[in-house]
Amino acid sequence: MLIKKPADLKYSDITPKSIYVDRRKFLAGAAGVGAAMLGGRVVLDVISPRTTALAGTKLSGYSKSPLSTNEPRTPYNDVTQYNNFYEFGSDKDDPAVNAKNFRTSPWTVSVEGNVTKPQKFDMDAILKMAPLEERIYRLRCVEAWSIVVPWIGFPLSALLQKVEPTPKAKFVAFETFYDPKQMPKARGTGIEFPYREGLRLDEAMHPLTLVCVGMYGETLPPQDGAPVRLIVPWKYGFKSIKSIVKITLVEKQPRTTWNMAAPNEYGFYSNVNPKVDHPRWSQAKERRLGEFLKRPTLPFNGYADQVENLYSGMDLRKYF
Ligand SMILES: Nc1nc2c(c(=O)[nH]1)N[C@H]1C(S)=C(S)[C@@H](COP(=O)(O)O)O[C@H]1N2
Ligand SMILES: [Mo]
């Protein structure tokens with residue numbers, strides 16, 4: 001049994017939880033098993049070489065962000081059993097079942113477009129790109145449920161700075177991996193794939209905008225967007241695109257999946273706004289998963305102090 005030194009560790013070597021838990025029992029007492037630090041940052045638990053699934057592997061060496069909410073976190077089981085990830089089906093319990101064997105390694109994210117240094121990053125490069133932080137953020141789905149999750153990641157601005165956007169770059173377009181063979185349920189959902197999202201460049205550079213690689217101390221489970229997703233906490237959940245493979249810096253406002261599917265229902269901006277109802281339901285309240293009573297929805301999902309200046313002078317009914 002080979003135990004690599006931290007410096008040799010590759011993301012693709014990470015052992016899935018089910019396997020390392022067994023191995024831990026098996027190895028109880030063996031030296032070399034446990035959290036490791038690499039250059040004061042990341043890093044992954046134990047490990048022997050493997051190239052299979054990755055979710056549920058411990059992350060360590062991350063700091064706790066002062067940008068976290070102190071609201072109670074939503075139970076892990078709610079966050080991982082009640083999902084929107086249409087590539088794996090449109091019912092809330094579909095992704096947990098159908099994404100189980102989603103192959104997330106090897107994985108690369110291509111960053112291109114109006115940039116001086118277009119680059120393809122593998123997961124090792126992404127994990128080492130910036131110090132990892134745990135950020136406890138609220139995420140509010142446009143369907144009026146919400147969660148509070150200890151996400152792990154780093155500001156998207158750190159990634160964008162690496163590729164040096166040119167002055168022509170005004171928006172950022174994101175694309176999810178799509179493979180009809182691994183995602184046979186996608187077709188029946190009625191939306192177009194690959195799933196696309198977008199942000200204005202200043203929204204993308206905002207310190208709250210997170211490149212997310214983990215949650216609850218571990219790498220992301222497949223149903224929550226492994227191995228890398230976005231979390232944009234002041235916008236409706238569909239902006240927080242999962243399993244990203246491509247990021248393009250563009251001049252014009254990019255097309256986005258839900259806006260293409262129903263432009264009268266889902267805008268490009270999609271800032272959480274209790275005063276602007278969805279055409280088919282109110283946005284005034286939400287149900288926190290795991291709770292019974294509804295609670296009021298807050299403007300910008302409670303992040304108004306930090307983001308409302310991005311939209312000064314804009315009519316947020318028109319730009320919904
Ligand atoms: N690629 C992709 N990303 C996606 C979606 C999707 O269907 N496909 N659903 C979005 C929606 S509507 C929400 S509410 C959040 C849900 O994230 P969660 O399942 O981790 O709670 O993911 C978003 N990201
Ligand atoms: Mo959503």
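Helices (H or I, at least four residues) and strands (E, at least two) are DSSP runs, numbered from the N terminus. Welcome to a predicted model, in which local features need pLDDT of at least 70 and side-chain atom pairs count only at pLDDT 80 or more, while totals for chains, interfaces and linings use all residues. Residues are numbered from 1 along each chain as its sequence is written, chains are lettered from A and ligands numbered from 1 in the order in which they are written, and side-chain values use heavy atoms, with hydrogens and water left out.

**The sheet**

- Five strands form an open sheet in the order E3-E2-E11-E6-E7, and their pairing is mixed.
- At the edges are strand E3 (119-122) and strand E7 (196-200), each of which pairs on one side only.
- From one strand to the next, the twist averages 15 degrees, with axes taken as lines fitted to C-alpha atoms, for helices over the stretch in contact, and angles running from 0 to 180 degrees between N-to-C directions.
- Strand E2 (residues 108-113) pairs with E3 in the antiparallel sense over four bridges, and Val 109 stands opposite Phe 121 in E3.
- Helix H5 packs on this sheet and touches E2, E3, strand E6 (171-176) and strand E11 (244-250); a contact here means heavy atoms within 4.5 Å.
- The direction of H5 makes about 135 degrees with that of E3.

- How many of the eight residues of H5 are buried? Six are, so to speak, under cover in this helix, which spans residues 156-163; buried means under 20% relative accessible area, exposed over 50%, and partly exposed in between (1.4 Å probe, protein chains only).
- The buried residues of H5 are Leu 156, Ser 157, Ala 158, Leu 159, Leu 160 and Val 163.
- Just after H5, Glu 164 has a positive phi of about 55 degrees.

**Aromatic pairs**

- Rings of Phe, Tyr and Trp (its six-membered ring) pair if their centres lie within 6.5 Å; planes under 30 degrees apart count as stacked, over 60 as edge-to-face and the rest as tilted. The count by this rule is 17 aromatic pairs.
- Phe 85 and Phe 88 make an edge-to-face pair, with 4.9 Å centre to centre and 85 degrees between the planes. Phe 85 counts as buried at 3% relative accessibility, and Phe 88 counts as buried at 1%.
- Tyr 269 and Tyr 319 are also an edge-to-face pair, at 6.0 Å centre to centre and 80 degrees between the planes. Tyr 269 lies in the loop between helix H7 (257-261) and strand E12 (285-288) and Tyr 319 in the segment after helix H8 (304-307), so their pair ties together parts 50 residues apart in sequence.
- Tyr 269 counts as buried at 8% relative accessibility, whereas Tyr 319, at 37%, counts as partly exposed.
- A cluster linked by ring pairs takes in Phe 171, Phe 268, Tyr 269, Phe 300, Tyr 311 and Tyr 319.

**Charges over rings**

- A charge sits over a ring if NZ of Lys or CZ of Arg is within 6 Å of the ring centre and within 35 degrees of the ring normal.
- Lys 239 lies over the face of Phe 268, 4.2 Å from the ring centre, and Arg 138 over that of Tyr 303, 4.6 Å from the ring centre.

**The whole chain**

- The chain has eight helices and 13 strands, and 56% of its 320 residues are buried.

Methods. Pairing = 2+ DSSP bridges.
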